Amino acid sequence: MPELRGHLCWDPDTASRTVHTEAVKPSAAVFLATHAPLRIRKARIQGRSLVPMDSAVTEKAVLDDFLNRKADTGTLLMPIVGDSGSGKSHLVRWVRENIPPRDKYQVIYLEKSQTSLKAVVEALLKGVEDDSLAQLRSDVRSFSVSLDDTGLARRLINALNEALAATTAKDLSGDARVLAGPKGLAAILQDPYIQAYMLAPGKFVPQLAHQLLHDRDLDAPERPVGFTTGDLPLNVQDIKQAAKISQSLLQKLLSDPVLKNAAADLLNQHLEAAVQSASKMGTGRMHEAMLQVRQAFARQGKEIILLVEDFALIQGVQRELLEALTEAATREGQLRYAPMRTLMAVTTGYFRELPETVMSRVSAATTGYVYNVDLVFGPEDNGIEQIASFVGRYLNAARIGHEVLDGLKNRPVPNRCDNCPLKAPCHESFGHTDEGFGLYPFNRPAVVRMVHSVAPADKEWAFIPRSVLSNVLRPTLVDSSAEIADGSFPSPTFKERFRTAPIDEALSTAVAEEVNTYDQTDAERHKLVLEFWGNAPTEPAEVDAGLLRAFGLRPLPSEVGWSKAPKNPTVSTATPDRPPAPTDVIPESLRRRIQSVENWAARDQPLPVDVARDIRKIVSETVIRRYPWSSPLMKEMTADEVNKAWPANSTVVSIRGAVGENLPGVDRAPITFERTARNSQFFQSLLRTKAGVAGTRAEDLRRLAWIGETKSDALTAALERHYEISDAELVTGFRASLLGAALAGRAWPGMADNDLLSAALDDGREWNRGDRKLRTTSWQQILARHMENRAPLVDKLSSSVGLSQGTGAVRMVDAARALPLIRTAAQSWTWTGHQPPPSWVRNAVMGFAGLDTCLDEQVKTLSAGLNSVRQCLPRGVGGRETIDAVRAALKESEKVGLPPNRDKKTQLNDLLSRAETAEWRTITTLEDDLDKISSSEGAESISAKVKAAARDRSESLEIIRDCLVLADEWLTGALSNAAARSDTAGDSAVQQLQSVQDEWATLIEPEDEGND
């Protein structure tokens, strides 16, 4: 037995040639085979509005009314009013096909494709020969072949200009009077710059010119009915290129909406005269020609039946034609003109915008009412059977094909389903119309939902036949035929084409999530079938199993659990000061919020800002509460501090399709929720939990906990990014701290890692350089500036690698993290070429840019100090020997009467006393450090320089240098004074002092160097 799955009971090419969106395209046989009764209502003309009069009427009633209604004047005008695609032309065509053949009828049929002026005139004059009519035909034909679109468009502009120039202020009222005359709107149309704008492709005048010269392609957009404010030249690129008079009027139009409307109305009032002038038809020629036609058929004893598929197509001759159509047939008791019955289709909007003179004639000739074919069903009368009947007829025609239908002549149209071997299972699963036509591949819910989906937003219950044919039937039977055949229908294209209408229930996210869980291979198709063909069921058993199999889907087992929200939630009585306990009672406000989450996933509606905000806050705070503050180890921050780095907005928790997703950085949000059924259910659980309402799913709470635990790395990254405490930034901070410690004499290259870490995390409040007098001015300035800002630097470093009790002070340092950072920082002891530091480092490194120069100056100063010492104390001379020698010299100087003066003696004795306790090894340590600078290269040389300059030499070097220099200065002076004596005792004194000097010289110039 053949299977229904993948079955095509129509040929796609045949269906394409049979199913037409326009009533004029198919043959009479196809038209009648596909005709479904229209929903027609009478409507009373009340001003420019249409007021429904009574219940629906049939096409037969319209036909009888049209052919039999008596008109006092012998002329009847019956408008068929409705929106575009509603079936107006279809009704006109149906009337044509059903007018009984009578010799007294002269039927003139104006198809909506006949938009050219030539086609309209020839159709109206057909069957009547007259010299004046022949001349009119000739003029119109000549006009049609002698002009192209561009030439006619320019003629229309010029003709409008002439017509407007002839207007006077009396023709207008109020502020609109400024538009009258040659200096009004006419001046704008005469402006070359403005003309170029209005003649550009796509503008109204070129469109009108094209349609006056050419018949319309039925697949092309309908003819615009007239000027709108959007057609005014208000968007010219450079208004200053226009003439001054044009500039002035355009400025007024731009600032005055009332004046804009008046300008568009004025253009439309003179449009017909402009068309007649541009086509050289002349005023009154069409009116006279149509009266001649009526006279000719009156002589033949005929009644004219004029059928107009689109009243807009006779644009340019509307008023004259209406005058001729409504001219009384009888004058002074004599039949002068043939009686006329005119049935014309006109869009609702165009009908309301008819000029007053036209509207008055329509009202008079219609006896006060029209027929309205807008099919708008309400919730009570949803039109399911009418929609199904319409679709069923076209499906049957598509299966039969236009060639077979054309060959039927007047025989009844067969039902293709009757001989189908799959009729029984197909009709059982997909249904059929009352006429017996099978609805496969649709069923009633699917086709109604698809009709609702393509309806205009402002008429959600509207049934527009043309839209159904072009947007539902043809795409399915033609475009989707291959997908139906290979079992991939409905595809993602279907979902994009048919969005769930607001008036239809969407497939609940609870059901959708269950489908996602159960059907791992075809979940998306399964959900589409459930929603459209299954009418969004709440239970799987509600969907026909045969229908699912036809789409290649397995029915879900009956034991699958469906999560359903309470159908009749009770409003909560909880008060703000008493939060609700877990309960089944759902507050109305919560119900609306849950529904908004449902609509977000099921209908692709935006998630409201307040709901999205609450969900983001719940998720982001969960991550914070579960953050361990130990990986990496750092001081726990306050809630305010964390929220600055991890705000509860879309940069942290992004919800696709939610309001507030336009912040910079949303695309990098660490937590992202797509628009899915699973996330909808998750969000609903979060809202229920927050409100204390029962119904939260345990799996959603587990998921929330999982997010909190697994997103700690993201929170770490956010904290590091906001507070600039990444490893690289901490290395920069540690380097800044080490260089500051080096300036203070507390750190230098080569120290142990632990010592470097201790120095880097010391705020320096107890630091004091012992050798500050040996420091250069620039060194002291940089150090002072650093020490002023060191405490915040060290505090930031400590809190970033330390652990505290709660949010208190840091009690423990994570050495496992800190030591690698300090090692990296200590690899370089220069600040030159450093990238911009984190904000918390900047104040502490002010002046560091000059650190290299400062180091060079400091090394030079220390070298000079060392040289001063070595001039008096070469290598190998001990400090004790030196002090003893100076003291001996002082003692001998007393004996020979050449002691230093009192102040110098006091100063020297003081220095000698201090030198006795000084660290004399400082001299050799400094000398060794300085020697390493010259003996190394590259980075080692820089490190040696930092070490030599940074180490604290205490006061010892300064004391020793001052003591030796002062002693040398005194001894040299004392010897000079002794040699200058002239008495006999002088020789002895000189000799004694000379022996001390020799001893001093022996000390400072030893033959062999030793160790200090």
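These notes cover a sheet, a helix pair and a set of aromatic contacts in a predicted model.

1. Sheet order. An open sheet is built from 7 strands with mixed pairing, in the order β2-β1-β9-β3-β8-β5-β4. The edge positions belong to β2 (49-52) and β4 (105-110); each has a single partner strand, so one side of each lacks a neighbour in the sheet. From one strand to the next, the twist averages 30°.

2. β1 pairs with β2 in the antiparallel sense over 4 bridges, and Ile45 stands opposite Leu50 in β2. These two strands form a hairpin with 2 residues between them, and Gly47 in the turn has a positive phi of about 70°. Strand β1 (residues 41-46) also pairs with strand β9 (residues 369-372), again antiparallel and over 4 bridges. Here Arg44 stands opposite Tyr369 in β9.

3. The pairing of β4 with strand β5 (residues 303-308) is parallel and spans 6 bridges. Leu110 has Val308 in β5 as its bridge partner. Helix α5 (residues 117-125) lies across β4 and β5 and runs at about 175° to β4.

4. Helices α28 and α29. The axes of α28 (residues 588-602) and α29 (residues 609-625) come within 10 Å and cross at roughly 90°. The two helices are therefore roughly perpendicular to each other. On the α28 side the contact uses Arg593, Ser596 and Val597, which meet Asp610, Val611, Asp614 and Ile615 in α29. By class, the residues of this contact are 3 nonpolar, 1 polar and 3 charged.

5. The structure holds 20 aromatic pairs. One of them, Trp10 with Tyr440, is tilted, at 6.3 Å centre to centre and 55° between the planes. Trp10 lies in the segment before α1 (12-18), and Tyr440 in the loop between α20 (423-430) and α21 (444-454), so the pair ties together parts 430 residues apart in sequence. Trp10 is buried at a relative accessible area of 6%, and Tyr440 is buried at 3%.

6. Phe489 is buried, with a relative accessible area of 3%; Phe494 counts as buried at 4% relative accessibility.

Note on methods. Residues are numbered from 1 along each chain as its sequence is written. This is a predicted model: local features need pLDDT of at least 70, side-chain atom pairs count only at pLDDT 80 or more; totals for chains, interfaces and linings use all residues. Side-chain values use heavy atoms; hydrogens and water are left out. Axes are lines fitted to C-alpha atoms, for helices over the stretch in contact, and angles run from 0 to 180 degrees between N-to-C directions. Angles under 35 degrees count as roughly parallel, over 145 as roughly antiparallel, 65 to 115 as roughly perpendicular and the rest as oblique. Contact means heavy atoms within 4.5 Å. Ala, Val, Leu, Ile, Met, Phe, Trp, Tyr, Cys and Pro count as nonpolar, Asp, Glu, Lys and Arg as charged, and the others, Gly among them, as polar. Two strands pair if DSSP finds at least two bridges between them. Rings of Phe, Tyr and Trp (its six-membered ring) pair if their centres lie within 6.5 Å; planes under 30 degrees apart count as stacked, over 60 as edge-to-face and the rest as tilted. Buried means under 20% relative accessible area, exposed over 50%, partly exposed in between (1.4 Å probe, protein chains only).
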